[in-house]
Amino acid sequence: MDPWYKVVTPRKEVREGRSFNPDEFAIALEQVISGTAPDDYKNPKQFFSRNYFTKALIEHSGMVLRRLSGDTKNTAPVLTLVTQFGGGKTHSLLSLYHIVKNYDKLKHMPMVEDLMKTAGAEKITDVKVAGFVGTHADPLKGRTPWGEIAYQLGVYDIVKDHDKDRIATGKEVLSEMLEKAGPSLILIDELLEYVVKKDRAEDLRDIEKGQTLAFIQQLTEAVAGTPNTALVLTLPASAFEQYDEQAEKSLIQLAKVSGREETIFTPVEGSEIYEVVRKRLFQNIGGEKVHNEVAQWFFSLYNELDDAVPTQVRNTEYREKLERAYPFHPELIDALYHKWGSFPTFQRTRGVLRLIAEALGTMYEERLPAAVIQSSIMPLHVPGLKREFIKHI
């Protein structure tokens, strides 16, 4: 078999061995909205050319797009994306942002055409988009969530007084805001981060708590009653990943409040992580014939070894897994995504991408003869990569 580096071609930045900082694969929605994000995220065509639509992404994006195009019977007005830190929540929001905001530029891209067709959604026209990012917002001096959303929808006057007084609006005011704005997509990312910061600030200033929770409850009800309008927000699977016991209580409250009209998705499931990694790190992954031959070789070997290897690697499903993971051996990606993903400090999808990207440049340069990239050829002699592994354990 040809070694993997003769079949696949990593992207230029990977081949050049560029050092990847922690934010390399972290999407900042507020930077995209303000126009300051890197082209990989800011440019809609470039973004979609480097990313993979998972089953959940297709499903929930389709539901939102149908809702925005007028279908109120087979859709949920509010979606809550729940996953571990670095699990793909913001990536999902940005996908929706670009499709709705830049539909005319993207509508002829095959993956977007397929998504619209699968979703059964009509074309997206004249839909406004507003985004609020909890990690970016200032809970004391910046606009409140209701103020920022109204500002981006172009109807700030309706909530101006509530924003300045930092008091949550009622459902009637929010319904008026949405009616005046017209068809709208509202994206709220890292809401727990904002609530945690605001609770601490209100403790220090002896201000009444609960304004953000009250707003979210009223907003979900207002969105549910307004056609051609959808709300998508993100929550972590657990607050203990980043915060403390008080934050966990806030998360439970947020889940209850948003749960009135919610549908929960896990953005990346099962073997989809292989596609995510391949699309993001390689500009060319070779032909299916090669993938098939390599998978068959390993599968035959494992069956010859019989009881010397685990039973699951001798099943036909595993052969499909070998093919889908190429140029990686699935055990490498699985160990990082599933086992390492249980570490609070490891950022799941983002962590896998960063660690593999860090290693790929060296492996591509060293040209070790291997049919696939296995854990045995990971370049642990590179100080930076060695540190990256050690810090999590």
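Q: F132 and Y194: buried or exposed?
A: Both F132 and Y194 are buried, where buried means under 20% relative accessible area, exposed over 50% and partly exposed in between (1.4 Å probe, protein chains only). The model is predicted, with local features needing pLDDT of at least 70 and side-chain atom pairs pLDDT 80 or more, while totals for chains, interfaces and linings use all residues. Residues are numbered from 1 along each chain as its sequence is written, and side-chain values use heavy atoms, leaving out hydrogens and water.

Q: How many aromatic pairs are there?
A: The structure holds 12 aromatic pairs; rings of Phe, Tyr and Trp (its six-membered ring) pair if their centres lie within 6.5 Å, and planes under 30 degrees apart count as stacked, over 60 as edge-to-face and the rest as tilted.

Q: What about F48 and F53?
A: Their ring centres are 5.5 Å apart and their planes stand at 45 degrees, so this pair is tilted. F48 and F53 are also buried.

Q: And how do F132 and Y194 pair?
A: Their planes are at 85 degrees with centres 5.1 Å apart, so the pair is edge-to-face. F132 belongs to strand β3 and Y194 to helix α13 (residues 191–205), so the pair ties together parts 62 residues apart in sequence. Helices (H or I, at least four residues) and strands (E, at least two) are DSSP runs, numbered from the N terminus.

Q: Which residues do ring pairs link into a cluster?
A: The cluster consists of W297, F298, Y302 and Y318.

Q: New topic: where does the charged end of R143 sit?
A: The charged end of R143 sits over the ring of Y151, 3.6 Å from its centre. "Over" requires NZ of Lys or CZ of Arg within 6 Å of the ring centre and within 35 degrees of the ring normal.

Q: And R367?
A: The charged end of R367 sits over the ring of Y364, 4.3 Å from its centre.
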